[in-house]
Every structure is written in C-alpha cells, then in structure tokens.
Amino acid sequence: MACKKCSVPFKGTPEQEKELKAAIAAMKDEPGSLMPIIQKAQEIYGYLPIEVQTMISDETGVPIERIYGIATFYAQFTLEPKGQYQISVCLGTACYVKGSSLVLDKITEILGIQPGQCTPDGKFSLDSCRCVGACGLAPVMMINGEVYGRLTVDQVPGILAKY
C-alpha cells in the first residue's frame with residue numbers, strides 16, 4: 001500500500017529488505033529491541049514509509065499502530081525521505097518576527113511541497129525548525145547545513161536556483 005499523502009513513491013530494494021529482515025531476526029527476541037529495530041530500519045532506508053513499518057510489524061509481530069506511534073512520536077524518525085538538498089527554515093522567535101514564515105511560504109510555492117515533504121524527484125526536502133542559533137542573521141534558512149541569513153522573500157528563487 002503506497003502512502004497517498006507522501007510526495008515520493010517507495011523505492012526499497014531487495015537488498016535493503018534482506019538487510020532489514022536479517023537485523024530484525026538478530027534483535028527481535030531481545031527485550032526492548034523495537035526501538036533499535038526501528039532505528040536500524042531508518043538507517044537502511046533513510047526514512048520509515050508504511051511499507052517499512054509493515055515489514056517490521058510482520059517480522060516482529062508488533063502491531064503496526066505501535067510502530068507508527070513510535071515513528072511519529074520521536075523526532076529522530078521521519079516518514080518522508082530526505083532530499084539531496086535538505087532545506088530547513090528557522091521559525092524561532094527572532095526569525096519569525098523578521099519574516100521567516102514568508103520565506104517558508106515562498107519555498108513551498110516554488111517547490112510545491114509542504115514542510116516535512118520531499119519533491120517527487122528527490123532533489124529537495126523541506127523542514128522548519130525552532131532555532132539554529134543564528135538569531136543575529138534572522139531570518140535564516142539552511143540548505144545542507146549552509147546558512148543563508150538576513151533573507152528576503154525576493155532572494156529565495158535565486159538561492160534555490162543554485163541547487
């Protein structure tokens with residue numbers, strides 16, 4: 001079953017599935033192994049789509065609802081893949097007051113995705129965060145760790161075009 005809200009179709013390989021099943025077989029009988037299994041799955045696939053959650057459920061006997069609950073509760077997990085270029089827009093107080101929400105809106109308009117999603121070609125993923133520690137440069141966004149500060153909405157298309 002493919003995720004209807006996800007922006008990128010699942011493209012798992014037989015090798016990834018074999019690696020995950022081997023990891024599950026090695027860990028599943030250990031007490032408290034569910035979290036390490038889910039972490040290993042994300043390490044293998046880069047994210048936790050429904051197909052991977054179902055595989056974990058089928059192999060461990062743990063209800064998929066529990067796996068989904070863990071995957072959505074902890075910030076270390078993501079249900080969407082990350083793009084080649086990972087964009088993060090700061091929505092902390094200093095950035096927000098100086099217009100970072102307008103920057104975020106412009107990025108969503110240009111890329112056609114919402115925060116937490118990845119473009120269908122896998123090139124860009126978009127997230128928001130609460131503070132990157134560059135309040136003096138507000139508003140700020142980062143692309144693969146490169147900081148762009150004192151942004152205006154008009155600068156966004158040019159910055160994205162570089163990638």
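Biologist: How are α1 and α2 oriented, roughly parallel or roughly antiparallel to each other?

Modeller: Angles under 35 degrees count as roughly parallel, over 145 as roughly antiparallel, 65 to 115 as roughly perpendicular and the rest as oblique. Helix α1 (residues 14-27) packs against helix α2 (residues 34-45) at about 165 degrees, with the axes 10 Å apart, so the two are roughly antiparallel. Axes here are lines fitted to C-alpha atoms, for helices over the stretch in contact, with angles from 0 to 180 degrees between N-to-C directions. This is a predicted model, where local features need pLDDT of at least 70 and side-chain atom pairs pLDDT 80 or more, while totals for chains, interfaces and linings use all residues. Residues are numbered from 1 along each chain as its sequence is written, and side-chain values use heavy atoms, leaving out hydrogens and water.

Biologist: Which residues of α1 and α2 make the contact?

Modeller: Contact means heavy atoms within 4.5 Å. Among them are Leu20, Ala23 and Ile24 of α1, and Ile37, Ala41 and Ile44 of α2.

Biologist: How many disulfides does the count come to?

Modeller: A disulfide is a pair of cysteine sulfur atoms within 2.5 Å, and the count here is zero.

Biologist: Is cysteine 95 buried or exposed?

Modeller: Buried means under 20% relative accessible area, exposed over 50%, partly exposed in between (1.4 Å probe, protein chains only). At 3% relative accessibility, cysteine 95 is buried.

Note on methods:
Helix = DSSP H or I, 4+ residues; strand = E, 2+ residues; numbered from the N terminus.
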